[in-house]
Amino acid sequence: MSSGGSLLSTSLTTGDSANPRVVGGHGVWFRLSDGREVIDASNTAAPLGHCHPEIIEAVRRAADAPVINEGWQWAEREQAADDLLRIAFAGEDWAGAVRFFISASEANDCALALCQALTGRKDLATRERAYHGGAGLARELTVQPQWHGGLAGAAGGSGAGGAGASAAPPRLATVHELTAPAGARVTGQAAPTAGTDCLPSARGQLASSAAVLLDYSQGGIYHSPAYQDRVAALAAEAGAYWIADETVTGFGRVGGWFQFQHGQARPDLVTMGKCLSAGGAAAGAVVLSRAMLDRLKGTSWQSYSTYRSHPVAMAAIRAHLQVSSREGLYKRAGDLDSVMYGRLVEVAAQHPSVARIDGHGLHWTIELHGPDWHSWRGEDANPLASRVVARALAAGALIATSGEQTSLFLAPPLVISDAELGQVFDALHHGLELADAELAAGPQPAPASRR
C-alpha cells in the first residue's frame with residue numbers, strides 16, 4: 001500500500017515502474033503520463049475495451065436522470081433486469097429475478113446473508129484460494145490470506161497489538177474451505193480433486209453451511225464443470241445453497257455468457273459485477289432462481305441502498321448487453337481458447353522460470369518458481385512478479401500480478417485483435433527473460449538488515 005499525495009491507494013502490482021500512471025485509453029490501449037501507449041493485458045472490468053462509444057453515449061444520456069434511489073420505481077432499472085435475463089440468461093428458464101447492487105462484493109455479502117436467513121445456519125463454504133470481495137461476508141470467503149482487508153508490511157506486518165500481532169481483522173463467520181482443483185492445463189499438474197470420489201470431506205463441511213460460494217478463476221484455480229456439478233450436488237444434499245460467483249468469468253471472459261453454463265447443474269443464485277457494466281459505472285447484481293423466489297413469497301428481502309441501480313449503471317449495463325450480443329463478443333474468448341493455449345504451451349517450453357500455467361478463454365494465470373503464492377505479506381517491496389511486469393511494460397503491455405510474489409495473470413479485453421494479442425505475448429516473453437536469468441543465477445543472499 002502506498003500514498004500518493006492525499007490519496008491512500010493500493011495496487012495489485014508493487015513498485016512504481018510496474019504500476020504506471022494512466023491518463024487515457026481507447027480500445028485495448030492505455031495512454032500513460034509519459035506519452036506511451038501500451039496494451040491493457042489484464043483488465044477483467046473492460047470486456048469491450050476502453051471508451052467504447054456506445055457505453056459513453058449511454059452514460060451521457062443517463063446523466064440527466066433524476067436522483068432515483070433503490071426504493072423508487074424506475075423504468076430503465078426494470079428494463080435492465082429484463083435485458084439481463086432475456087439476453088445473458090436466454091434459455092435459462094430457472095432464472096427468476098434480478099437484484100442490482102453497487103459491486104460484486106456487496107452482491108456476494110447480501111446473497112450470503114440471505115442464505116443464512118433462509119437456512120438458519122451461520123457457517124459458509126467456498127474453495128481454497130477463493131476471492132469474493134472485500135466487504136462483509138464476501139471478505140470472509142476471500143480465503144486468500146493476502147487479501148483479507150488487513151495490513152501487510154515489513155517484518156510480517158504489525159496490527160494494532162504491535163509488532164508480531166496478527167495483521168488480519170477478526171473473522172465474522174466460520175468458513176469451510178473445500179479442496180481446490182489446483183491442476184493446470186498447460187503445465188500438466190494433476191488436480192487433487194480428479195476422479196469420481198473427489199471432495200471426500202465436503203459433505204461434513206457443507207452439512208452446517210448456509211451456502212457454498214464458488215468462483216471460477218481466483219487464485220489461479222480454474223475448475224472443471226465436473227467439479228462444479230459435484231459441489232452443486234453435495235450442496236443440495238446438505239440443504240445448502242449454491243451461489244455461482246461470475247464476477248470475473250461472466251459476460252464472455254471464458255466463452256459464453258457464464259462459466260456455470262459449461263456444466264450441467266444450475267445455481268440457486270448467480271452474483272456478478274466488475275464487467276457487468278463494461279466499465280461504464282460501478283455495478284453488481286444477483287440473479288435468483290425461481291425456486292429461491294418461491295422461498296421468499298410472503299417476505300421482503302430487507303436490503304436497501306441509495307445508489308444501487310443508479311440510472312447511469314443501468315444504462316451502461318443495457319448498452320453492454322446489446323453490444324456483446326449483437327457482435328458476438330461473449331463467444332470470442334471461447335474461440336480464442338485454443339490460440340491462447342497454444343501460445344502458453346510455447347511460453348512454458350521457452351521459460352524455465354515458469355512453474356504452472358492454467359486458465360480458460362481469455363483469463364490465464366502464470367505462476368513462477370519461487371515462494372509459495374500465499375506467503376506474501378508485503379515484505380518485499382519489489383517482488384519477482386512485479387519486476388517481470390515492469391519489463392513487460394517496457395515492451396508495450398501492462399500485465400498484472402496475482403498473488404504478488406510469483407504470479408501473473410493475462411485477461412485482455414474481448415475486443416483484442418490477433419495482432420495486438422501477438423504484441424502481448426512478445427512483451428510477456430520479454431518480461432519472463434528476467435525471471436529465467438534470476439532462476440539460472442540461483443538464490444541471492446538477503447540484504448543486511450538495517451539498524
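These are my notebook entries on a predicted model of a protein chain.

**Ground rules.** I number residues from 1 along each chain as its sequence is written. In this predicted model, local features need pLDDT of at least 70, side-chain atom pairs count only at pLDDT 80 or more, totals for chains, interfaces and linings use all residues, and side-chain values use heavy atoms, with hydrogens and water left out.

**Confidence.** I looked up pLDDT, the predictor's confidence in each residue, from 0 to 100. The chain averages 89, and 88% of the residues score at least 70. Over residues 156–165 pLDDT stays under 50, and the model has nine contacts for them beyond four places in sequence (contact: heavy atoms within 4.5 Å).

**Cores.** I then looked for nonpolar cores, sets of buried Ala, Val, Leu, Ile, Met, Phe, Trp, Tyr and Cys residues joined through side-chain atoms within 4.5 Å. Buried means under 20% relative accessible area, exposed over 50%, partly exposed in between (1.4 Å probe, protein chains only). The largest core has 45 residues, and W242 and F260 are among the members that touch the most others. Helix 6 (residues 225–238) gives the largest share of this core, six residues. Helices (H or I, at least four residues) and strands (E, at least two) are DSSP runs, numbered from the N terminus. Another core, of 34 residues, lies apart and includes I39 and V347.

**W242.** Leaving out residues up to four places away in sequence, I found that W242 touches V212, A235 and F260, among others.

**Q146.** I found Q146 in the loop between helix 4 (136–140) and strand 8 (158–159). Why does Q146 count as buried? Q146 does so because its relative accessibility is 10%. Q146 and A168 are 22 residues apart in sequence, and their C-alpha atoms are 8.9 Å apart.
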